[in-house]
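Have the sequence and the 3D view ready as you read.

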Amino acid sequence: MHDDLFNNPALTVALAMVMGVIAQVIARHLKLPGIVLLLAAGVALGPDGADVVRPSTLGQGLSTLVGFAVAVILFEGGLQLRMRALQAEAKPIRRLVTVGACVTGVGASLVALPVFSYDLRLSILFGTLVIVTGPTVINPLLRRIRLKHSLATILEAEGIFIDAVGATIAVVALEVALGPSVQSFGLGALGIVGRLGVGALIGLTGGGLLALLLHWKHVVPFGLENILSLGFSIAIFQISNSLVHESGIAAAIVAGVVVGNVRTHAFEQLAAFKEQLTTIFIATLFVLLSADIRLSEVAELGRGGVLATVALMVVVRPASVLLSTIGTDLKLREKLFLCWLAPRGIVAAAVASLFATELALAGIEGGRQLRAMVFLVIAITVSVQGLSGGLIAGILKVRKPRPNGYLILGANAVSRRLTSILVRSGQRVTVVDPSAAACETMEGLGAQLECINALDPHELRRLDPSDYLSCVAVSHNESVNFLFAHTLRRLAPEVPIYIALESASEGVTRSMVDEIDGQVLFGRASQIRRWSQMIRDGEPLSARYRYEGKQRRLRFDVRNAPARSLIALLGARKKKAFLIGDMPKIRRGDELEFLLDPELETEARHWLESSNWKLVPAAATPPNSRATPS
């Protein structure tokens, strides 16, 4: 019964998919590289474990599934590459995917010779297989480590382009290995250039056509942009492969780069959709491919396999990077970090599985050993380099500075008051507003002013919202505030977002803010227009109060305060500023800066004093030092 139940290809894919996603969820909570848990899940669920995921039931369907997934993964990787950034780092990128690829292929072949009992053919095939790194492992690590922009661009671009170069070299090497001759060597060299050229041409054509269709708003009906791009990415990959064997990888990458660098109204939702697809494909494929590996095959590699992998990490990779970066502007510490980080990903695993099948069909022994060795490299490089990447980046000082300061939407009287306090307290503040006249009113405060369309994702991406402690939407239009926050959430998922609301009963609601994991600025709908007018008229009073209640900690519900008489503008804890959001955690001794309506001053002060808030003398030091979110 057990055998009959799980000898089901559809069930195998379904279990791999759901368990892969669960592994990704757990990895995200544990802040671990997702592929570490994916590999473990595959082994645990495969024939050497629970034996519920059986890739063998898929037959040739596995390679078809891999092809579809690789097309989407590499298209999405190309989609994220910006031409301007690529041009700035063109020299080291170009050398890493040419000189670096050659050095890695030769070096890996040499260190693997003892593992394969000095079988030159298998050693060379192994060397070509581990040329690739790949966006599936590099990009998640870059998001966790937060490298400097230039270094992140180099690693991201190398990971994507080296997949095309490395996979093409590997496939050509396999063809030569299956039919070695002087002629095959010559044709192989031409085959590398031919495959890359044909793939690039098809990718350029297909990507250009897709970009053109998406650029015209009314050609593709709203809501169909994502599935159109999905169909295009798979079709481009498969058409290219059909014309020239294994040229599809280059085609998918080039198509993604073309679409990603042509402005279209659907780019942000397209990028988000492709990223989700990539995540689920990676999860599914790694579980399936690792389940197809036998632990006994990996164990047979013994100490030699581990030593070869270590040599690949500490000898071959550094040699590849140092030779490739001679004459570039990279600093020594940046080169050293590049030397360390080169985990292998899904393309290496997929091509290794293809090699095992092709070698077996040709009657050549060693295919399964070759695949086991590649998976050992993947497991060790992802685990060791993934877990240590942040530490090494910190030691070498190549990480971005920790998020600091505030990105504020809206140049009005309320944001001016908020900006003034934050700047006086030592904070970096960037104010964004499309109106040049409005921006002029913010001059002289010490804030950076950006007169741009705050709803344009391309403009916001340039500001890099992930570099800020918090983003604050405080324009007079709550709908604009919400759209701004919605765009930011896609660009910087982890950054706290505060949204000013005008009314508690109309327009944007608190539940809508909750859906995008935001907070209502000032703790409640605050009638920003009214307070801005009062500030322009010089009417509102500014007062600071310290909480001195009996409770050491409490959730401060600003909604209990008189609706029109005051607004809680900013907080400070031990001279560290924090924004006021939904029921902030208040401790005894915390201070809040309030704006009071002079006509309702008595009511406001009575409520504050009855709620255990004590007036702080005006000469008290304003909040300074680093800010902390509430």
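The text below takes the helix first and then the pocket. The model is predicted.

**Helix α19**

Helix α19 runs over residues 413–424. It has 12 residues. From first C-alpha to last, α19 reaches 16 Å, close to the 16 Å expected at 1.5 Å a residue.

Look at the N-terminal end of α19, which Asn412 caps. A side-chain oxygen of Asn412 lies 3.1 Å from the backbone nitrogen of Val414. Val414 is itself one of the buried residues of α19. Just after the helix comes Gly426, with a positive phi of about 90 degrees.

Is α19 mostly covered or mostly open? It is mostly covered, with 9 of its 12 residues buried. Ala413, Val414 and Ser415 are buried, and so are Leu418, Thr419, Ser420, Ile421, Leu422 and Val423.

**The second largest pocket**

The second largest pocket holds about 810 Å³ of space. It is lined by 30 residues. Closest to its centre are Ser63, Ala350, Ser353, Leu354 and Thr357. Four elements, α4 (61–79), α12 (225–243), α17 (346–361) and α18 (367–396), each give two or more residues to the lining.

Which element gives the largest share of this lining? It is α17, with 9 residues.

| Class in the lining of the second largest pocket | Count |
|---|---|
| Nonpolar | 13 residues |
| Polar | 11 residues |

Note on methods:
Residues numbered from 1 in each chain as written. Predicted model: local features only at pLDDT ≥ 70, side-chain atom pairs only at ≥ 80, totals over all residues. Heavy atoms only, no water. Expected span 1.5 Å × (residues − 1). Buried < 20%, exposed > 50% of the residue type's maximum accessible area, 1.4 Å probe, protein only. Polar contact = N/O pair within 3.5 Å; in protein donor to acceptor, adjacent residues only side chain to side chain. 1 Å grid on protein atoms, 1.4 Å probe; cavity = no way out; pocket = protein on both sides within 12 Å on 5 of 7 lines; lining within 4 Å. Points joined across faces, edges and corners; volume = space filled by probe spheres on them. Nonpolar A, V, L, I, M, F, W, Y, C, P; charged D, E, K, R; others polar.
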